Structures are given as C-alpha cells and as structure tokens.
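User: Hey, I'm new to this one. Can you walk me through it?

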Amino acid sequence: MPRRTSTATRTYPAWRRSLALLAAVAVAGTALVAASAAPAGAATARYQAEQAALAGGAVVATEHTGYTGTGFVGGYTDGNKGTATTTFAVTAATSGPHTLGLRYANGTGSAKTLTLLVDGAAQQVTLQPTASWSTWATQNAVVALSTGSHSVAYRFGSADSGNVNLDSLDVTDSGGTSGADYGPGPTFEAESATLAGGATVSTEHAGYSGAGFVGGYTDANAGSASTTFKVQVTAAGSKDLTFRYANGTGSARTLSLYDGGTRLTQLSLPATAGWDQWAAVTHTATLTAGNHDIRLAYDSGDNGNANIDRLDVTANVPPQPAGPGEAESAYRSGGAAVASSTGGFTGAGYVGGFTSAGARLLRTVRAGAAGTATATITFATPGGARTLDLLVNGRVTGQVAFPSGSGWRTVTSNVPVRAGVNTVGVRAAGTGADVLIDSLVVAGETGLAARGASAAYQQYEAEAGTTNGTRLAPSRTYGTVQAESSGRSAVRLDAVGENVNVALIAPASGLVVRYSIPDNATGTGLTSPLAVYADGAKLKDVTLSSAHSWVYGAYPFYNDPTLGAAHRFYDELRFDIPEQPAGTVITLQKDSGAVSHIDVDLVEAERIAPALTAPAGAVSITAHGATPGGGDDTAAITAAVAAARAAGVPVWIPAGTFHVNNAIQVSGVAIFGAGPWHSVVAGTGRAGGFYATGGGVTIADVAILGSATVRDDANGQAAIEGDFTGETLLQNIWMQHTKVGLWVRPGSRDVLAVGLRVRDTYADGVNLRSGVTNTQVTQSTFRNTGDDSLAMWSDGAAVSGSVFSFNTVQAPALANGLAVYGGGGGNRVEDNLVADTVNAAAGIAISTRFGVPFTGTTTVQRNTLTRTGSREPNWPAELGALWIYADVHAIDAPIVVRDITIEDSTYAGVLMSWQKSIQQVSFDRVAVTGSGTYGIELHAAGSATFANTTVSGSGTAGLLNDMGFVLNRLGGNSGF
C-alpha cells in the first residue's frame with residue numbers, strides 16, 4: 001500500500017510526469033530461423049512423419065493420396081489445439097545451417113500456422129494453402145544445428161491456426177558460411193574471437209567452456225580492451241545475445257556492447273561467487289541478416305574487471321501465454337520446478353521435483369460448461385511408481401497413480417470442472433519418488449482470453465445502451481463523474497421515468513450495477529430505490545447508497561464534505577433476478593425522487609452458478625453456532641477453523657451471510673464456501689475477513705464484503721492478509737468495501753490467487769509487500785481501488801519471481817493500474833488489460849520510488865493500456881500510460897518491455913523520468929496510438945533500446961527528449 005507522502009519540502013519541475021510500466025524479460029532461446037530454399041546438391045536426409053513420435057492427438061492417416069512413405073500425420077484439428085505434436089529425431093553430420101523442408105497439405109483454402117521447435121526453441125511457421133488435401137507442398141526453414149542428435153517438432157500451439165496434414169521432413173546440410181571468419185553459431189567462444197586493447201586468452205580459472213576464456217579487462221586496459229565476435233545472422237529479427245562471464249570482484253561490473261560501430265547498451269554483469277563461477281547475462285537486439293561484429297568493450301564509462309567465456313546468439317521468441325497442456329507454463333511451488341534433462345518431452349521442458357510434501361503444479365483451465373471432464377497427464381517415473389493428490393479448484397478430488405515404467409506415458413483422471421475458470425493440478429501429500437510431468441490437458445477446455453481475465457460476466461456500458469436520460473459528455477477532468485467512469489462516460493437519470501436499457505447477449509440471473517448518487521451534507525450518504533425491469537415487466541426495486549462513495553480533501557481522504565475536493569463518486573450493487581434469456585432488454589429506471597439524479601456507468605450480467613456442496617468430512621461453521629443473517633459469528637467461525645485444523649479436514653461456509661467483527665485467524669486449513677454469490681463473510685465497521693499464518697492455506701468460493709467507508713491504514717483490515725509460508729491458494733473470491741483486497745505480508749512465498757473480484761477498496765487491490773517470492777495473481781478483475789490495483793512493493797526487501805498475469809483493471813480511483821516498485825528479478829507483468837486510470841496514476845509503473853533497487857530482469861509484456869495515465873496534482877506532473885520512474889535509485893537492471901499496446905493515453909504514451917539514470921531498458925513491438933501529448937517522453941539521463949516500436953496520432957509530437965537520453969534505435973521503429 002504505497003503511501004503518497006507530502007512533497008512540500010521537495011521541488012519538482014512542472015514537466016515531471018509519473019506512471020509506471022513494468023517490463024521484465026523471460027527469454028526463450030531458439031535457433032536462427034529463416035525461410036529459404038535448400039542449395040542444389042546438398043546432402044539430404046528424409047524423415048517420415050508417420051514414423052515420428054506423435055502426441056496430443058496427432059495420428060497416422062492414409063485417406064488422402066499423394067503422400068510418401070506409408071502414410072501421413074493428421075489430427076492437427078481444433079480439438080487438439082495446444083497439444084498435437086509430431087517430433088522427429090534428427091541427426092546432423094556437420095555443424096552449421098541446415099534447411100528443414102516440411103512436406104505438408106493444407107486444403108483449408110487459407111494460410112495456417114504451426115510452431116516449429118528445434119531442441120525446444122520455438123518459432124511460428126506459416127503453411128500456405130495447397131490446391132486440395134491430396135496436393136502437397138514444402139515449407140522451408142533454415143536453422144543452425146550442431147553435429148549430433150536434435151529434436152525437431154511441429155506443434156499445433158495455442159497461438160497457431162493448425163488444421164494441416166504432415167507427410168515428411170527433409171533435412172539438408174545447407175553448407176558453409178559466408179564472409180571470412182563469420183559463422184552462424186549459435187555459440188561463439190571468446191578465445192576464438194578478435195581480441196584488442198589488452199584483452200587476452202586465459203585458462204587460470206576453471207569452469208570455462210571451449211579452450212579458454214578472455215581476460216585482460218583490467219583497469220590498466222580501460223578504454224581499449226575489447227572482444228569482437230564474428231556473427232553471421234541468417235534471418236533478420238530480434239536476437240538474444242547471451243554472454244557467459246565470471247565476476248569475482250564482489251560487485252556488479254559493466255562493459256559496453258556494440259554491433260559494429262553502434263553502441264547497443266551498457267551491459268551489467270552482477271557478481272558471481274568466485275572467478276571460477278560462471279553466470280550469463282542476455283541482451284535482446286534486432287539484427288539484420290548478414291554479418292555483424294558483436295563487440296564487448298571496456299569503455300571509459302565502464303568499470304570492467306570481468307572475464308568473458310562465450311557468446312550464444314539465438315532468436316528471441318517472446319514467451320507465449322500459458323497454453324493448453326504444457327506443465328512448464330503452469331504455476332509451481334514447494335519444490336516443483338521446470339527441468340529438461342530427460343529427453344523426449346514436448347514444449348520447452350517438463351516439471352519435476354515432487355519428492356517433498358507440498359510440491360504442487362496447478363494449471364488454470366477454462367471450461368465451457370460444468371461437468372466431469374477427463375484430464376490426461378503425460379508423465380515419466382524414473383525413480384519408480386508414485387501417487388499424487390489430484391487438486392481441482394482447491395479441493396482434493398482423488399489421487400493419481402503414476403506407475404513405474406520407462407519413457408513418457410499418459411494417465412487419465414476424472415475432474416469435476418465448473419463453467420468458467422478452474423484450477424486443476426497435482427500435489428505431493430508426502431515424500432517419495434519423483435514424477436516428471438510433461439503436460440496436463442483437460443478434455444473440452446476452451447481458450448482463455450488473450451489478454452485480461454476470462455470473466456464470468458458480460459459487461460455493458462450504459463452509454464452504449466438506449467436511454468431517455470442524458471449521456472454525459474466524455475471527460476477526464478479530475479473531480480467529474482465522467483473522469484471516474486469506465487470509458488469516461490455514463491448515463492445520468494435526473495427525472496422520474498428516465499431509464500437506461502441494455503440487451504443481454506447471454507442468459508443472466510445476477511446483475512451488478514455501477515452507479516453514483518449524491519452524498520448528504522454530513523458525508524454519511526443517501527439512499528435511493530432503482531427499479532429493474534426485464535422486457536418492460538418490473539422485476540424489483542433495489543436500494544442504492546452513497547455510504548461507500550464520496551470522499552473529500554487531501555490524501556488519505558475523509559468523509560467530510562466541508563473539505564471540498566470531492567471524488568470517488570462510484571459504488572456498485574449486486575443482486576439476483578429471475579434468470580433471463582439472451583436478448584432480454586434490462587431496464588434500469590428512476591421511479592423515485594429520493595435523490596436528484598442517478599448516474600449509471602455500467603451493468604454486468606452473469607448466470608449465477610448453482611451453490612456448491614460441502615467437501616466430504618468438512619466442519620460447517622453452523623455446527624459451531626454461526627447463524628446466517630444473525631449476530632456476530634466471529635467466535636463460531638474461529639471455533640470451526642480450530643476444529644477443522646485439528647481433524648485435518650476443510651471448513652465449510654454454507655450459503656448465507658455471516659457477520660464478523662475481526663479478521664478470522666487461519667493456518668494450515670482449507671476454507672470453502674458455496675460460491676461468492678451464496679456464501680458471504682460480512683465485516684463490521686473497518687474489520688473483517690481472514691488473516692493467515694503459515695502454509696497450507698486455501699480460501700475459495702466466498703464473498704468478503706466489508707463495511708468500511710473511508711481509508712484507515714492503522715485500524716482497517718484487508719479482506720485477506722497473511723504471512724504465507726507455502727502452498728497457499730486463494731480462488732474465486734469477491735472482495736468489496738474493505739481497506740485492501742489481498743495484502744501479502746513481507747517474506748511470504750508460494751501464493752497463487754486466481755479469480756479474485758476486487759471492488760471499491762479504500763487502498764490497494766493486491767499488494768505483495770517486501771521480500772515476497774513465487775507469488776502469482778491471475779485471472780482476476782479490479783475496479784475502483786483506492787490505491788494501486790496490483791502492486792509489487794519492494795519495501796525493505798526485494799519482491800522476486802512473482803507474476804501479475806491475465807488481469808483486468810478498470811478505473812482505479814487513485815494510483816496505478818499495475819506497479820512494480822523495485823525487485824529482485826524474475827518479476828513479470830503480462831497479458832493484462834488496464835483502462836481509465838484516474839488520479840496520480842499510470843497504467844503500468846516501474847519505479848524505484850520506495851527505496852529498493854531493481855536487480856535481475858523485470859519483464860512487462862503483452863499488456864494493453866487504454867485511456868491510461870493521469871495528472872499527479874501534488875507535484876504537479878502529468879504521468880504517462882507506461883511510466884518508468886528512477887526516483888530513489890537508478891534503474892540499471894534489465895527492464896524488458898515488449899508486445900505492448902498503448903491506446904488513447906491521457907498524456908504521454910511512454911514516460912521515463914526522473915532524477916536518477918535509466919539503463920538496460922529494451923522496447924520491442926510497442927505500439928503507441930493517439931497519445932494526448934507525446935508518444936514517448938524522456939526526462940532522465942541514460943539509454944534504452946527501441947525495436948519495432950511505433951508511434952502515431954500523438955497530440956503534441958512523437959518524442960520529447962530534453963535531458964540527452966540516448967535512444968539506441970534498431971529496426972522497425974517509426975513516428976518518434
């Protein structure tokens with residue numbers, strides 16, 4: 001919960017802007033790939049598809065003519081998307097470029113794609129249509145292969161269109177290299193490179209590869225020592241340049257990286273444990289096809305004193321969202337980890353490490369309908385047979401027996417899935433032999449949304465419906481109701497009989513209305529009825545209140561209208577209705593004069609899922625005296641938790657509303673409700689919710705509805721707070737009117753939060769504070785949070801290895817959509833949607849504001865920011881949609897920003913500021929469209945690399961750079 005402190009004693013230039021975009025890089029190495037024809041006369045080996053290893057639904061077929069061998073491989077159908085794979089075991093007689101000629105048929109009439117994996121490194125390939133299913137063509141790709149055995153696979157990946165047949169693969173030695181001393185690699189030993197300025201080959205430290213390493217980067221050779229690698233690039237594109245080095249000095253060292261005469265970046269080499277301990281650092285650069293002199297130099301601005309072992313050059317393929325099946329893309333904790341030493345797996349690896357109790361793997365799966373589905377697990381048991389618990393939505397639904405045997409095999413289990421988002425996986429209940437899991441596929445699973453959460457509801461903007469009221473003109477002026485509205489507009493009903501109408505596109509039995517009504521003179525709120533109709537027939541009146549909206553004055557804001565500066569106008573109300581079919585027109589009508597007006601922002605409609613049943617043996621809170629709708633149930637729930645923990649069984653919260661006056665203490669226990677529309681834990685005053693200590697905590701399928709009306713950091717309680725020490729799952733939880741949604745306390749680890757619905761909090765939606773590791777928040781939605789909707793707050797200790805993914809953020813009342821404040825590396829912000837930030841906010845902020853620097857790599861990828869950025873009135877400053885902010889510390893660790901869409905930002909699309917330098921930031925495939933001021937605004941010293949970055953439609957100009965910031969421009973840029 002980052003606090004906004006007074007700036008009275010600090011002076012800021014008027015142009016200073018803030019909002020941060022976090023970018024971190026998770027890099028996948030691949031062979032250098034390019035479409036090409038095989039050279040005439042080159043040696044070719046043919047591999048028949050029907051004799052290859054088939055998986056995921058790929059099958060041998062013969063129904064179409066013209067194939068070679070004894071058949072072809074089909075099964076690349078939509079039902080096998082994400083899994084169908086044909087893997088060829090290929091042998092290369094020589095090292096160098098090889099042409100892969102895939103013979104295929106594509107009778108669909110349009111181009112289709114598959115993912116080519118060479119030793120696990122991925123690249124999408126396009127298969128043009130053929131005249132019919134009996135007409136065959138060849139798709140060629142050139143890859144660099146070393147002498148020996150290789151795995152070459154073609155998969156119908158989650159991002160592919162598939163629906164083709166495969167006949168055979170021809171592998172041709174393309175022969176040689178072009179240009180003296182230049183080669184395709186992918187490995188270039190430093191001792192074989194061109195050395196200058198005192199750089200020398202050495203062998204006195206162990207652990208190097210090849211015949212030696214390069215030293216001589218000493219202070220005596222500062223400004224002159226360099227190593228130049230002669231790199232031949234077969235196909236232009238984004239490449240990962242990975243340098244293996246040793247640095248026994250005890251502190252980070254720097255060298256400058258050049259491509260020919262162009263300085264790409266200053267490369268930071270963190271300390272290693274000793275001079276015979278080696279590490280790797282990666283820089284991503286866009287390289288043209290042809291020969292390149294990749295040079296590491298000890299420049300005058302560097303501090304040198306490191307040894308260089310080798311350079312690996314591989315194609316940079318952005319990590320894709322977790323697709324169906326692959327275990328390495330799932331959430332892992334308790335010792336479960338990705339590995340690749342056992343061959344024959346699909347994808348980039350598999351997951352092992354189930355030897356200890358608590359090791360678990362969980363996939364997030366979307367089902368089209370509730371029912372029993374078949375889960376197929378591909379596994380190996382090198383140490384013998386083992387049984388693991390089967391986990392479905394936090395419940396142990398059975399066990400999976402993995403028999404002993406050789407090679408990769410499959411086992412199936414029945415899983416009870418719900419319509420929508422589920423978690424499905426396995427967990428070790430005790431110690432035992434390891435199980436290697438390559439994939440876990442649930443039959444009938446449907447694709448998750450490409451970006452943002454796969455929500456259970458349909459959202460309807462009021463201003464897009466029909467109305468006889470007033471559509472408020474769009475505005476982003478702080479202090480207006482439009483500025484806080486989704487889409488920056490709403491409908492005002494200010495006379496009896498005025499209404500707004502939306503037509504359902506799917507059946508619904510539950511509605512959420514986001515609304516604003518006036519406050520009263522004392523700040524305690526007014527109430528008003530709102531009539532609800534379906535196709536003209538009145539269903540009910542619901543009661544709106546402004547008790548939880550309207551705050552005043554300066555941060556942290558108060559319920560005192562005499563302070564002025566009113567804002568936070570919105571609240572929302574959920575209620576059930578008789579189920580209505582698709583096509584029904586829902587009407588919200590002002591039938592009363594109780595208040596002067598009702599502003600309607602949006603309606604969400606969903607089919608309320610049936611109430612869940614209690615797990616077998618669970619302890620019901622009603623058995624210990626809790627009474628739905630009655631008095632204080634704190635003691636009864638506490639007693640039920642203690643009894644369940646002692647018996648080793650779950651706690652059951654049945655349908656009903658149960659009131660608490662303090663946070664319920666939980667440790668080593670699972671708590672389940674009947675669903676967030678059915679089971680409600682209601683707080684009293686500013687208290688309520690759950691406080692967790694230790695590991696083994698599951699809380700799922702409940703609503704936690706607080707009674708807070710103002711922010712109180714000292715006394716207010718979160719919906720869920722905890723010192724989590726392992727194996728925590730928080731799933732399908734509705735949180736509203738609490739101080740914070742989820743507060744993960746310092747030093748916590750291994751927390752997975754899925755399907756949170758966080759609304760109208762007075763501080764953060766989710767905060768990972770100080771030293772949190774391996775924690776992920778995914779498939780969750782946030783609206784009207786009173787501080788950052790999601791924050792990684794390295795306050796005193798670095799948050800590391802944590803992820804915000806597939807979340808949707810709308811209209812946070814204060815601060816950023818997503819923020820990363822320092823961190824220890826491995827943090828990722830990916831596949832999120834952020835819209836309509838309001839005050840002192842960026843869509844994504846990457847910042848050293850709170851005292852802990854960045855180390856390691858932070859990745860920000862595949863996010864969309866719409867109408868984000870805002871004014872910070874206290875400084876004052878105008879913050880960009882993506883804000884990289886070097887405040888307390890310089891930013892000098894890698895920040896990777898790629899595949900970002902920034903639309904209609906209020907001010908700058910990208911802002912980099914402020915008083916400290918910014919280094920090692922890379923932008924790739926970033927599109928900034930229609931920014932209010934500048935496409936890219938730079939108010940800092942330092943440098944960044946830009947590739948495939950486009951700016952268009954800027955309100956002022958494409959670029960403002962007023963402090964000499966260095967832009968290393970690679971290919972594909974325009975507009976700035």
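This is a predicted model: local features need pLDDT of at least 70, side-chain atom pairs count only at pLDDT 80 or more; totals for chains, interfaces and linings use all residues.

User: In what order do the 5 strands of the open sheet run?

Analyst: The order is 14-17-22-19-20, with antiparallel pairing. Strands here are DSSP runs (E, at least two residues), numbered from the N terminus, and two of them pair if DSSP finds at least two bridges between them.

User: Which strands stand at the edges?

Analyst: Strand 14 (194–196) and strand 20 (262–269); each has a single partner strand, so one side of each is left without a neighbour in the sheet.

User: And how many bridges link strand 17 and strand 22?

Analyst: Strand 17 (residues 226–233) and strand 22 (residues 290–297) pair over 8 bridges. Lysine 230, for one, has aspartate 293 in strand 22 as its bridge partner.

User: New topic: where's the cis peptide bond with omega about 10°?

Analyst: Between tyrosine 555 and proline 556. Proline 556 sits in the loop between strand 43 (537–545) and strand 44 (571–580). Another cis bond joins tryptophan 875 and proline 876, with omega about -15°.

User: What about phi of asparagine 774?

Analyst: That phi is positive, about 45°, although asparagine 774 is not a glycine. Most residues other than glycine have a negative phi.

Technical notes: Residues are numbered from 1 along each chain as its sequence is written. Side-chain values use heavy atoms; hydrogens and water are left out. Helices (H or I, at least four residues) and strands (E, at least two) are DSSP runs, numbered from the N terminus.
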